[in-house]
Amino acid sequence: MPGGLSAVIDSTTAAALRARGSAKWSAPGPDGYGAGVAEMDFGAAAPITEALTRLTEEAAFGYLPQRLADELGEACAHFQRRRFGWEVDPAHIRPVPDVVKALEIAIAHFSRPGSPVIVPTPAYMPFLIVPGLLGRQIIQVRMRGDAGLFTFDLDAIDAAFRAGGHLLILCNPYNPLGRVFSRGELAGLTAVVERHGGRVFADEIHSPITYPGARHIPYASTSDAAAAHSLTATSASKAWNLPGLKCAQMILTSHADREQWERMGPLASHGASNPGVVANIAAFRHGGPWLEEVLGYLDGSRRLLADLLARHLPQMRYRPPEGTYLAWLDCTAMGLPGSPGELVSERARVTVVDGPAFGAGGEGCFRFNFATPRPVLAEMVEAMAAALVTG
Ligand SMILES: Cc1ncc(COP(=O)(O)O)c(C=O)c1O
């Protein structure tokens with residue numbers, strides 16, 4: 001990797017990360033390691049900090065002006081076109097504070113009232129929490145796994161729609177399983193959704209984070225049917241590490257949905273912050289070089305993790321992800337005396353997210369965030385091995 005970012009990242013110690021006091025690094029306590037929360041330890045891109053400095057100098061801390069919301073739509077649409085070849089009308093993009101809020105809106109205002117929500121599992125934890133907060137049932141549908149490669153179980157998804165489900169949550173790239181779905185897989189899903197008049201909430205927050213060999217295809221771009229039945233949520237917040245700034249985008253590719261959005265009124269979706277909006281604009285417009293450096297680093301790290309596990313924890317199964325910086329580690333062959341994520345968090349003091357939190361199919365596994373300096377990654381694997389192998 002050219003440039004100085006990898007050297008800067010590599011020289012960051014666990015002690016320095018603990019001292020920064022992020023959510024990820026506070027969770028494990030004084031001497032522990034943070035690999036749970038989905039944040040990266042790589043600082044921020046200069047165009048983003050510069051944009052935030054300008055905003056601060058102007059003290060632009062009022063409510064979000066329409067001019068900034070419009071600029072966000074243009075920057076996001078331009079990024080979608082440049083990176084994924086998807087032609088989105090900027091006027092179809094709405095600011096929201098975050099993707100979880102976008103999910104709440106999709107369930108509350110765009111799915112059949114009272115209908116269960118269909119969630120492929122193992123699933124990003126809020127997908128299993130938010131529907132309940134809105135008084136909805138969840139139909140969990142396990143992904144089909146083959147040697148660590150997970151695909152949709154279309155028959156089971158079909159059954160979930162027949163059982164009354166209406167909105168399906170599609171996470172692509174997939175947290176926690178690391179998949180980036182092919183055009184054929186997305187088309188298979190579309191056929192099932194269409195058969196039942198269903199809806200799709202496409203969470204594409206990780207879309208810029210893919211590795212060689214995988215290409216993100218926006219779900220709504222795959223066909224007119226997919227565009228008509230889906231709502232897409234995205235943000236610069238994962239790829240440029242900005243989740244605390246509160247800005248995401250909802251892309252509305254159906255005319256009827258745009259009318260419904262107007263009927264909802266502004267309070268239903270308000271909350272994107274000026275700093276978040278200018279940071280997203282800067283990321284989409286000028287964050288490319290930083291992103292490419294980070295992706296090169298993460299690509300090396302996902303492979304380094306395979307080497308480290310082969311050396312220290314050979315029975316732990318890991319398939320390097322196609323996208324995201326999250327590894328799904330399968331310990332079912334290890335015969336451990338308890339839930340592996342709990343053992344790792346308690347004994348190795350490496351805070352991870354334990355498999356059962358991801359719903360059906362999570363048992364015996366855990367999610368591990370490898371977006372950290374490589375020397376720290378090596379320390380974490382050694383600590384896990386010491387705790388699991390001798391423990
Ligand atoms: C798949 C997925 N969706 C949504 C989120 C949360 O996004 P936000 O902070 O915009 O709510 C995350 C965060 O890790 C995520 O991985």
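This is a predicted model: local features need pLDDT of at least 70, side-chain atom pairs count only at pLDDT 80 or more; totals for chains, interfaces and linings use all residues.
**Close-up views of the ligand site and the domains**

View 1. For Val100, a backbone N or O atom is 3.0 Å from an oxygen atom of the ligand. A polar contact here is a pair of N or O atoms within 3.5 Å. The protein buries 92% of the 390 Å² that the ligand exposes when taken alone (Shrake-Rupley method, 1.4 Å probe).

**View 2. The shell around the ligand.** Residues around the ligand include Ala38, Asp98, Val99, Tyr124, Cys171 and His206 (near: a heavy atom within 4 Å). The shell holds six nonpolar, two polar and three charged residues.

**View 3. The two domains.** Domain 1 covers 5-44 + 288-390, and domain 2 covers 63-286, with bounds from an automatic or database assignment. Their contact takes 30 residues from domain 1 and 34 residues from domain 2 (heavy atoms within 4.5 Å). The C-alpha centres of the two domains are 26 Å apart.

**Notes.** Residues are numbered from 1 along each chain as its sequence is written, and side-chain values use heavy atoms, without hydrogens and water. Local features need pLDDT of at least 70 and side-chain atom pairs pLDDT 80 or more, while totals for chains, interfaces and linings use all residues.

Technical notes. A polar contact is a pair of N or O atoms within 3.5 Å; within protein, one must be able to donate a hydrogen and the other to accept it, and residues adjacent in sequence count only if both atoms are side-chain atoms. Ala, Val, Leu, Ile, Met, Phe, Trp, Tyr, Cys and Pro count as nonpolar, Asp, Glu, Lys and Arg as charged, and the others, Gly among them, as polar.
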